[in-house]
Amino acid sequence: MLLISCPWCGPRAQSEFTYGGDATVKRPPLDADEAVWAEFVYLRDNPAGPHEELWQHSAGCRQWLRVRRDTRTHEIVDSAPPRASPRDDR
Amino acid sequence: MTQRFRLPQGGVIERSQALTFEFDGAHYEGYRGDTLASALLANGVHLVARSFKYHRPRGIFSAGVEEPNALVQLARGARTEPNVRATTAELCEGLIATSQNCWPSLELDFGALAGTLSPLLPAGFYYKTFLWPPTPRAWLRYERFIRAAAGMGRAATEPDPDRYEHEYAHCDVLVVGGGAAGLAAARAAASTGVRVIVCDEGARFGGGLIGESETIDGTGATAWIDATVRDLAANPDVTLLPRTTAFGSYDGNMLALVERVTDHLASPPAHTPRQRLWKVRAGAAVLATGAHERAIAYANNDLPGTMLAHAARVYVRRYAVRPGTRAIVFTNNDSAYATALALQEAGIAVGGVVDARAEAELAGSLPRRARAAGLTILPNSVIVTALSPEDAPAGSNATWSASREAGIPRCTCAHSPAGVCGTTMRSRRSCRSPPRRRSSAPAP
């Protein structure tokens with residue numbers, strides 16, 4: 001079971017968290033192309049290596065957090081509040 | 001005294017607490033600290049099981065969880081449990097065990113006829129491929145018998161009366177295995193003031209060190225174990241979990257352990273769970289699990305009386321049981337010489353040590369000690385087959401019938417790690433020099 005470090009609560013077991021999906025996708029404007037929307041809704045990268053993800057500490061403080069996890073080793077490289085990530089500007 | 005194969009002294013057993021138990025309807029006596037296997041051996045019982053397919057007679061092969069042969073059914077009413085390894089079942093007062101996979105009795109098993117039909121029963125034979133006679137009515141008749149041949153023991157038919165519980169735990173260091181290495185690691189970790197959990201699958205900490213004559217830091221093995229366990233138990237930051245097996249290691253040093261809380265008790269106290277599942281998040285995990293011996297294959301190495309070398313030593317040293325009256329030790333390394341010496345010390349006539357290595361390689365301290373003790377060493381030799389004492393054709397059941405008549409096993413024999421071993425004195429004649437490999441695997 002993964003040990004995820006919550007920025008507010010400290011390291012907690014994975015069973016306290018809910019997975020929130022890829023943190024790098026950004027919702028397109030409402031008037032965007034159907035193709036852009038289809039990509040946003042359906043298409044995800046499946047990287048072998050570091051992956052930015054959203055998790056919610058649902059059985060704890062209920063805050064959302066942004067976790068950088070290596071999909072090959074399951075290592076939790078980093079975790080931060082969702083807006084504190086340098087990649088948030090995408 | 002009914003325990004004819006019990007040594008008059010030694011062992012790590014409580015001789016003041018005699019226990020009676022039952023195996024296949026016969027009553028025997030053992031001591032607290034025994035396993036079912038060691039108590040049976042102390043009473044000269046070697047035939048304890050039948051093999052799955054050909055119903056070959058099977059004896060006690062090891063002294064621990066690696067036991068492949070001595071599977072028995074523990075009869076405890078609603079708590080009955082099939083396929084329990086006799087080598088791990090702790091003896092308790094009134095324990096009732098029965099053999100399984102045999103009919104009408106362990107000694108006379110009709111299923112052994114399958115051995116004569118073995119050319120017709122290929123590996124992986126599946127009963128639904130039985131296509132003759134081809135009518136459904138005939139199938140309904142013989143399906144019953146074919147199905148009865150499948151499976152080993154019997155599952156309990158009543159609802160499980162027990163409760164089970166979960167426990168979460170956190171520690172800085174989790175030590176898996178309470179042998180010499182595990183205890184030393186736990187003591188070293190505990191001395192730095194961190195929280196430690198030590199788990200061991202056995203009832204007693206010490207692992208392979210129990211009953212041995214080695215010394216650690218100038219202290220005898222038993223005294224060292226006792227002192228170390230006492231120190232650890234006195235430390236409030238240390239949790240000792242005996243009878244607890246670690247069965248999984250997951251991401252982030254999460255380990256899963258199962259603690260058998262009441263399985264070793266004759267009547268479990270009320271409001272106590274039978275087993276406890278521990279989920280331990282450890283800062284660091286130390287795996288001090290030790291190693292299992294690996295047997296070398298040769299023909300008929302499943303005859304009752306055949307035993308791993310280390311197991312034979314454990315029975316002599318830890319349980320003070322002679323696993324036979326005569327022995328041949330077969331090995332390809334030095335460690336089995338310690339077994340040969342221990343057997344000799346216990347008054348077992350050691351016919352010799354058959355060693356697959358060349359003479360020049362037998363220069364270690366243990367072979368030298370064995371030579372000095374007057375043991376015959378046959379270098380450059382391997383055992384190719386074990387024969388029954390009656391010189392019956394290989395694969396027959398004669399070993400145990402002879403044993404039963406004489407009341408004692410004709411011979412015991414010990415394997416070494418990755419070593420084979422002979423089963424009878426006669427097998428010595430089958431030793432060849434130089435070694436020649438013949439494909440020989442134990443029958444399923």
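I began with β4(A) and β5 (residues 64-70) of chain A: seven bridges join them, and they run antiparallel. This is a predicted model, and I read it as such. I then checked the pairing of β3 (residues 18-22) with β4 (residues 50-56), both in chain A. They pair in the antiparallel sense over four bridges.

Next I looked up Glu53(A). In β5(A), its bridge partner is Val67(A). Asp22(A) also stands opposite Glu53(A) in β4(A).

I moved to the loop between β4 and β5 of chain A, where Arg62(A) is found. Arg62(A) is not a glycine, yet it has a positive phi of about 65°. Is Arg62(A) buried or exposed? I counted 10 C-beta neighbours inside 10 Å, so Arg62(A) counts as exposed. The cut-off for exposed is 12 or fewer.

I noted a positive phi in chain B too: Asn253(B), a residue other than glycine, has phi near 55°. Asn253(B) lies in the loop between β13 (244-250) and β14 (254-260) of chain B. With 17 other C-beta atoms within 10 Å, Asn253(B) is partly exposed.

I also checked peptide bonds. The one from Trp103(B) to Pro104(B) is cis, with omega near 5°. Pro104(B) sits in the loop between β7 (95-98) and α2 (113-116) of chain B. I flagged these entries because most residues other than glycine have a negative phi, and most peptide bonds are trans.

Last, I looked at the contact between the chains. Chain A gives five residues and chain B gives five residues.

Terms used: Residues numbered from 1 in each chain as written. Chains lettered and ligands numbered in written order. Predicted model: local features only at pLDDT ≥ 70, side-chain atom pairs only at ≥ 80, totals over all residues. Pairing = 2+ DSSP bridges. Helix = DSSP H or I, 4+ residues; strand = E, 2+ residues; numbered from the N terminus. Contact = placed C-beta atoms within 7 Å. Buried ≥ 20, exposed ≤ 12 C-beta atoms within 10 Å, placed from the backbone.
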